[in-house]
Amino acid sequence: MKMRTTLLCTLLALWLPLAAGAAPWRVFAVGDLPYGGSELAGLRALFTHAAAEGSPFLIHVGDIKSGSQPCTDAQLAGIAGLFAAQPVPVVYTPGDNEWTDCHRLLAGGHDSLQRLARVRALFFEDPAVLRLGQLGARAAAPDYPELYRFVHRRVMFVVLHVVGSHDGARRAEPRAQAESAARRVANRALLREAADAARTAGLDALVVVFHVDPLFERRRAPRALGWVREALAETLTRFPGPVLALHGDTHRLRHDRPLQGGAGDRLVRVEVPGSPSIGGVWITIDPTADEPFQIEPVWAQGRDLDGEN
């Protein structure tokens, strides 16, 4: 009897994670917010809503300020404090506005790479800010703490660092071009590693989080960003399940299949809305469904969150 009970307990322990992974579940994502103090309350309301509704973690796909807003440590620290105050971890990847575009005069005329160092220090050096350890996140390398992956409910999440403004590879600036090229190598290596690990583990789906819009609708990708499309296409050859590309950048809510035919049919793209629309997206993940990544937008501007505290 004791042996039979032990066997049943072992089988139950093996079955429960599979059953949990098979059931549809959802996570909340935002990006390109807040563009100034007037939008901060809306972002806070969205986060409060998502945590109260059971999102296991929150996703912010970058751009935590506008491109013309001054780049300051105080501004970064304010958003880091907001992230740290959430009751669940925050999955964050930097956007161009918080570092790449800080060379603009309106943004302060800063050295962009120095601002990147500050983003890494304020958001990724202190584990209490994002609390990625609670998700079992693994960073790609010490030099790139913002590149990481983790598994939640049999779904591989891989967070890349690719931004607008040509990924920071400004012409006539060798340091910027070298940084972009080196980061590209690290991004591609992490994505390959994550796809292979997901396939080996037999996971159900893969979600790739980054900031830049790859502009799938254009025949030619923007300078320094063609590799993003290539890397996503390669991921489809390495991982046999559904793949979600989750990004921001152009502030347009989109849900489509940007690649057509063959393996490309397995790639779904979701772009979160952004300023001046204060909204986010619930993403329901059900790898067995015809649409494995369903979305439901939520707005903080006198609509969905009316009456919520």
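In this predicted model, seven strands form an open sheet in the order β4-β5-β6-β7-β8-β10-β9, with mixed pairing; strands are DSSP runs of E of at least two residues and helices are runs of H or I of at least four, numbered from the N terminus, and two strands pair if DSSP finds at least two bridges between them. The edges are β4 (138-141) and β9 (254-256), each of which pairs on one side only. From one strand to the next, the twist averages 20°. Within the sheet, β6 (residues 155-159) and β7 (residues 205-209) pair in the parallel sense over five bridges, and Met 156 has Leu 206 in β7 as its bridge partner.

Helix α7 packs on this sheet, touching β4, β5 (144-152), β6 and β7, where contact means heavy atoms within 4.5 Å. The direction of α7 makes about 15° with that of β5; angles run from 0 to 180 degrees between N-to-C directions, and axes are lines fitted to C-alpha atoms, for helices over the stretch in contact. Helix α8 lies across β7, β8 (243-247) and β10 (267-271), running at about 155° to β8.

The two helices also meet each other. The axes of α7 (residues 174-201) and α8 (residues 226-238) come within 9 Å and cross at roughly 15°. The contact includes Leu 191 and Arg 192 in α7, and Trp 227 and Glu 230 in α8.

Residues are numbered from 1 along each chain as its sequence is written. Local features need pLDDT of at least 70, side-chain atom pairs count only at pLDDT 80 or more, totals for chains, interfaces and linings use all residues, and side-chain values use heavy atoms, with hydrogens and water left out.
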